Amino acid sequence: MRVDKWLWTARLFKTRGLAAEAVKGGRVHVNGVAVKPSREVAAGDELELTIGPVRRTVIVRGTAGRRVSAAQATTLYVETEVSVAERERQAELLRLGGPVDLGGRPTKRDRRRFDLGRRSALGDIADPRNGDP
């Protein structure tokens with residue numbers, strides 16, 4: 001089975017197009033070698049895939065003729081312990097970082113103060129608040 005089709009069938013990518021794009025982009029390696037989307041995958045092959053900031057290493061256990069349910073898709077591969085630990089570590093780091101609240105969009109008054117401060121720091125204009133002309 002083609003590697004892009006297998007990635008889609010195993011539900012590691014949402015669409016086959018995204019899987020093919022990842023393979024073409026060099027984010028998928030089969031047995032340590034970057035491959036083309038047409039590369040055949042068989043049981044026992046080791047795939048390293050990078051999805052966003054997460055790098056996963058899976059070993060192919062089998063193939064399916066068509067896309068199967070998520071529960072059945074997990075039987076098509078096994079993820080290595082190192083990969084699982086790294087993925088959990090990445091998730092923990094993301095959770096600890098938390099979302100950054102920038103306070104929303106600045107008001108017109110905030111924007112004017114920001115611009116004034118930036119221009120006065122550059123020496124372009126005098127600050128009228130200090131009595132300068």
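**Figure 1. Strands β1 and β3 in the predicted model.** Strands β1 and β3 run antiparallel and are joined by 3 bridges. V30 has L47 of β3 as its bridge partner. The structure shown is a predicted model. Strand β1 covers residues 28-30, and strand β3 covers residues 46-51.

**Figure 2. The open sheet of 5 strands.** The strand order is β2-β1-β3-β4-β5, and the pairing is antiparallel. Strands β2 (33-34) and β5 (77-79) stand at the edges with a single partner strand each, so one side of each has no neighbour in the sheet. Strands of a sheet pair through backbone hydrogen bonds, in either a parallel or an antiparallel sense.

Figure 3. H29 has A34 in β2 as its bridge partner. The loop between β1 and β2 contains N31. N31 has a phi near 55°, a positive value in a residue other than glycine. Most residues other than glycine have a negative phi. With a relative accessible area of 42%, N31 is partly exposed, because this class lies between the cut-offs of under 20% for buried and over 50% for exposed.

Figure 4. Strand β3 (residues 46-51) pairs with strand β4 (residues 54-60) in the antiparallel sense over 6 bridges. T50 has R55 in β4 as its bridge partner, and L49 stands opposite R56 in β4. Between the strands of this hairpin there are 2 residues. G52 takes a positive phi near 65° in the hairpin. In a regular strand the side chains alternate between the two faces of the sheet.

Figure 5. Strands β4 and β5 are paired in the antiparallel sense over 3 bridges. V60 stands opposite Y77 in β5. Strand β5 (77-79) is at an edge of the sheet and has a single partner strand. T75 lies in the loop between α3 (70-73) and β5. The relative accessible area of T75 is 48%, and T75 is partly exposed. The C-alpha atoms of T75 and R39 are separated by 21 Å, and the two residues are 36 residues apart along the chain.

Figure 6. D4 belongs to helix α1, which spans residues 3-9. The relative accessibility of D4 is 3%, so D4 counts as buried. Leaving aside residues up to four places away in sequence, D4 touches R16, A19, A20 and P37.

Figure 7. R11 is not a glycine, yet its phi is positive at about 60°. R11 has a relative accessible area of 38% and is partly exposed.

**Figure 8. The whole chain, for orientation of the close-up views.** The chain has 5 helices and 5 strands. Along the sequence these elements follow the pattern α-α-β-β-β-β-α-β-α-α. The radius of gyration of the chain is 25 Å, whereas a compact globule of 133 residues would have a value near 14 Å. Along the principal axes, the C-alpha atoms fill a box of roughly 80 × 30 × 25 Å. Of the 133 residues, 29% are buried. Among the contacts with a separation of 6 or more, 37% are between residues 24 or more positions apart. The accessible surface comes to about 9200 Å², and carbon and sulfur atoms contribute 53% of this area. The chain carries 26 positive and 17 negative charges, whose mean positions are 7 Å apart.

Technical notes
Residues numbered from 1 in each chain as written. Predicted model: local features only at pLDDT ≥ 70, side-chain atom pairs only at ≥ 80, totals over all residues. Heavy atoms only, no water. Helix = DSSP H or I, 4+ residues; strand = E, 2+ residues; numbered from the N terminus. Rg over C-alpha atoms; globule rule 2.2 N^0.38 Å. Buried < 20%, exposed > 50% of the residue type's maximum accessible area, 1.4 Å probe, protein only. Contact = heavy atoms within 4.5 Å. Areas by Shrake-Rupley, 256 points an atom, 1.4 Å probe, with all protein chains shown as cover. Lys, Arg positive; Asp, Glu negative; His and termini not counted. Charge placed at Lys NZ, Arg CZ, Asp CG, Glu CD. Pairing = 2+ DSSP bridges.
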